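Here is a friendly walk through one chain. Have the sequence and the 3D view at hand, and follow along as the parts are named.

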Amino acid sequence: MKSLVIIEHKNGVLHRMSREAISGAQKIGGDITALVIGENAESVSSELSNFQIEKTFIVNHELVPSYNVDGYKEIIKQVVDSISPNIIITGHTYQARDFMPRVSAALDIPFIPDIVELENNFYIKQVLNSKLNASISSSSERALISFQSASYSEEDIIKGSSRSESFDVDLDSSSIKSKSDDPFQESASEVDLESAELIVSVGRGIEKEENKSIAFELAEVLGAEVSASRPVVDAGWLPSSRQVGSSGSTVSPKLYLSLGVSGAIQHVVGMKGSKNILAINKDSEAPIFEIADYAVVGDLLEIVPKLITALQDS
Ligand SMILES: Cc1cc2nc3c(=O)[nH]c(=O)nc-3n(C[C@H](O)[C@H](O)[C@H](O)COP(=O)(O)OP(=O)(O)OC[C@H]3O[C@@H](n4cnc5c(N)ncnc54)[C@H](O)[C@@H]3O)c2cc1C
């Protein structure tokens, strides 16, 4: 098995989902080549050199100094033609959603997006609002795939050492017809849940809008972001940029502290990649406890103020 992982970066800073894509490629096994494109490719490749992959190709061409869909399509096509990987992998980012369909058309290789796993040649994809997993098989020997956020953990990356080399591409300005605006923003607001290391999440168990202040106090003491379940957003208590779940953000913090969240599948799908889940819920049968690492059965309105005081005193 030979895979090519297309790396995404912002001014030389590696995107979390590209690390997850490397982690996923390592799970699949075989030879892994990473491809970094753009002006800051060298600084990204030095981070990649610490991972157990075969090599990193660097493409730093004057016509594609930063993201450009035509440039990416042309470069990826030339790299794929040269090394013939079985699978071409990216994180399922906004950028990947832009260039992967074009690469797919240019190479005539199917694109199977937003998958959570590759298992015995089946591509596993969540369907029906994440209630079911579908196993997709392809008659093509090659595939382009994108991994859903948090399907694999960057912490599982196998470290090692790898080389990088420059890959020469043949581009001319007539093939670069589009011009990209500023880099894509994963979130239009100041809240960056997807990169947050600590999250305090508020569910309907918070009972009324005034009570959300205790979640913000707890978040402040911990240095965490505040997220919410959908009913809290629908009620207008918090903005939609803070929603976690199938119709919100997908997060993978080191600690997800959930307050009065029942653990419906549409919520869980957005936070199950969290490294540690601590749930407070007054119902001992709440589904959130099935995935929680730490379960606290009780009234959050009593427990959280005490927790804040204890943390402040410590
Ligand atoms: C198409 C579709 C898309 C959806 N997308 C999303 C999504 O992106 N994100 C999302 O979150 N949901 C989504 N939902 C909604 C989802 O199905 C659930 O309804 C929602 O997640 C439930 O939110 P909740 O856990 O906050 O509320 P509830 O299910 O009402 O749970 C509240 C919990 O709080 C506990 N509780 C109550 N009072 C206290 C207290 N004082 N102390 C401690 N615990 C207490 C209760 O025991 C209960 O478990 C979607 C639904 C659909 C149909």
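Nine strands make up an open sheet with mixed pairing, in the order β9-β8-β7-β10-β6-β1-β4-β5-β11. Strands here are DSSP runs of E with at least two residues, helices are runs of H or I with at least four, and both are numbered from the N terminus. Two strands pair if DSSP finds at least two bridges between them. The edge strands of this sheet are β9 (132-136) and β11 (163-166), each of which pairs on one side only. From one strand to the next, the twist averages 40 degrees; axes are lines fitted to C-alpha atoms, for helices over the stretch in contact, and angles run from 0 to 180 degrees between N-to-C directions.

Before going further, two notes on the model. This is a predicted model, in which local features need pLDDT of at least 70 and side-chain atom pairs count only at pLDDT 80 or more, while totals for chains, interfaces and linings use all residues. Residues are numbered from 1 along each chain as its sequence is written.

Helix α1 (residues 16-28) touches β1 (2-6), β4 (31-37), β6 (87-91), β7 and β10, and its direction makes about 145 degrees with that of β6. Helix α2 (residues 41-48) touches β4, β5 (55-59) and β11, with its direction at about 175 degrees to that of β5. Contact means that the C-beta atoms of two residues, placed from the backbone, lie within 7 Å.

Strands of a sheet pair through backbone hydrogen bonds, either parallel or antiparallel. β7 (residues 111-119) pairs with β10 (residues 143-147) in the parallel sense over three bridges, and it is joined to β8 (residues 122-127) by four bridges in the antiparallel sense. β7 and β8 form a hairpin with two residues between them, and Asn 120 in the turn has a positive phi of about 45 degrees. Further along, β8 and β9 pair in the antiparallel sense over five bridges.

| Residue | Partner | Strand of the partner |
|---|---|---|
| Ile 112 | Ile 145 | β10 |
| Glu 117 | Ile 124 | β8 |
| Ile 124 | Ser 135 | β9 |
| Val 200 | Val 226 | β13 |

The other sheet is also open; its five strands have the order β13-β12-β14-β15-β16, with parallel pairing. β13 (225-228) and β16 (294-297) stand at the edges with a single partner strand each, so one side of each has no neighbour in the sheet. The twist here averages 20 degrees from one strand to the next. β12 (residues 198-202) runs parallel to β13, and four bridges join them. Helix α5 (residues 212-222) lies across β12, β13 and β14 (255-259), at about 175 degrees to β12.

Now for the ligand: how many residues surround it? There are 29, and the closest are Gly 203, Gly 205, Ser 229, Gly 245 and Ser 262. A residue counts as near if its C-beta atom, placed from the backbone, lies within 6 Å. The elements that give two or more residues to this shell are α6 (230-234), α7 (265-268), β15 (276-281) and α9 (300-313). By class, the shell has eight nonpolar, 15 polar and six charged residues. Here Ala, Val, Leu, Ile, Met, Phe, Trp, Tyr, Cys and Pro count as nonpolar, Asp, Glu, Lys and Arg as charged, and the others, Gly among them, as polar.

Finally, step back to the whole chain. Its domain assignment gives domain 1 (2-175) and domain 2 (193-313), with bounds that come from an automatic or database assignment. Their centres, taken over C-alpha atoms, are 32 Å apart. Nine residues of domain 1 are in contact with nine residues of domain 2, and the domain 1 side of this contact has one nonpolar, six polar and two charged residues. Along its principal axes, the C-alpha trace of the chain spans about 65 × 35 × 35 Å.
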